[in-house]
Amino acid sequence: MAKSISEIEKILDRIGLSMEESDKRRADMERVLAESRAETERVLAESRTETERAMKELAEAQQITEHSITRMSEKVDRVTGNVGGLNRSIGEIVQIIVIPGIISKMNALGHDFTMASIEKEYYKVEGRNLLEVDLLLENCQEVMAIEVKTSVTVNKIEHHLGRLKLLRKNEKNTGMAGKTMYAAIGGLRFTDDARQFARECGMYLIDIDEDDEKIDVVSPETVGKW
């Protein structure tokens, strides 16, 4: 049966209302999705910030721990330096045994050092302590930073390498600017892997004989410069 014009108009009105309602629902859904995406991005950003903060705190804590371990190791060295043998501290060993012969032995290997300083301290611009070198040999063109331990291990050599980098990084404060810097490590005892590692790094080895009060300097195959 044919529909009247008024009926057809009512059907079209209902279709128009249905499409309008559909458009409204679609708009509401898109708004909800946009809000959800924005919230997700905010949570992710906060999570990244929190993760970065936690990683930074972890790195700082690790640095503090490593520093504490290093300081403890240095204290152990000072204590063990007074145990056995002639009951001398590291400072006394440097003064009595190392200093008297070190300049002549190093100069015989091609250097021209004129001065030796024991327990040489360096400071940052703001006055804070940077580091201390057990024994420093120097002239106007070159310096040699020497670390002395009762027992030399790979870890202690790695620590000395870090100190060399600090000296060069702060060369304006340490007076190293324009100077060639060499390195040596001395000890009453060396582990085999430490001896090999030091030579591979380009360091001189100083074997200290406490009983006979003498030293023996061993050159690396290739002398390192820092």
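An open sheet of six strands runs in the order β1-β2-β3-β4-β5-β6 with mixed pairing, where two strands pair if DSSP finds at least two bridges between them. At its edges sit β1 (115-123) and β6 (214-218), each pairing on one side only. Direction ignored, neighbouring strands of this sheet are turned by 30° against each other on average. This is a predicted model, in which local features need pLDDT of at least 70 and side-chain atom pairs count only at pLDDT 80 or more, while totals for chains, interfaces and linings use all residues. Residues are numbered from 1 along each chain as its sequence is written, and side-chain values use heavy atoms, with hydrogens and water left out.

Let's step back to the whole chain. The protein has five helices and six strands, which are DSSP runs numbered from the N terminus (helices H or I, at least four residues; strands E, at least two). Along the sequence the pattern reads α-α-β-β-β-α-α-β-α-β-β.

Now look at β4 (residues 180-190) and β5 (residues 204-209), which pair in the parallel sense over four bridges. Here G186 stands opposite I206 in β5.

Finally, find T174 in helix α4 (residues 171-174). T174 counts as buried because its relative accessibility is 8%; buried means under 20% relative accessible area, exposed over 50%, partly exposed in between (1.4 Å probe, protein chains only). Leaving aside neighbours within four places in sequence, T174 is in contact with Y122, L130 and L167, contact meaning heavy atoms within 4.5 Å. A polar atom of the T174 side chain lies 3.2 Å from the backbone oxygen of L167.

Definitions and conventions. Polar contact = N/O pair within 3.5 Å; in protein donor to acceptor, adjacent residues only side chain to side chain. Axes fitted to C-alpha atoms, helices over the stretch in contact; angles between N-to-C directions.
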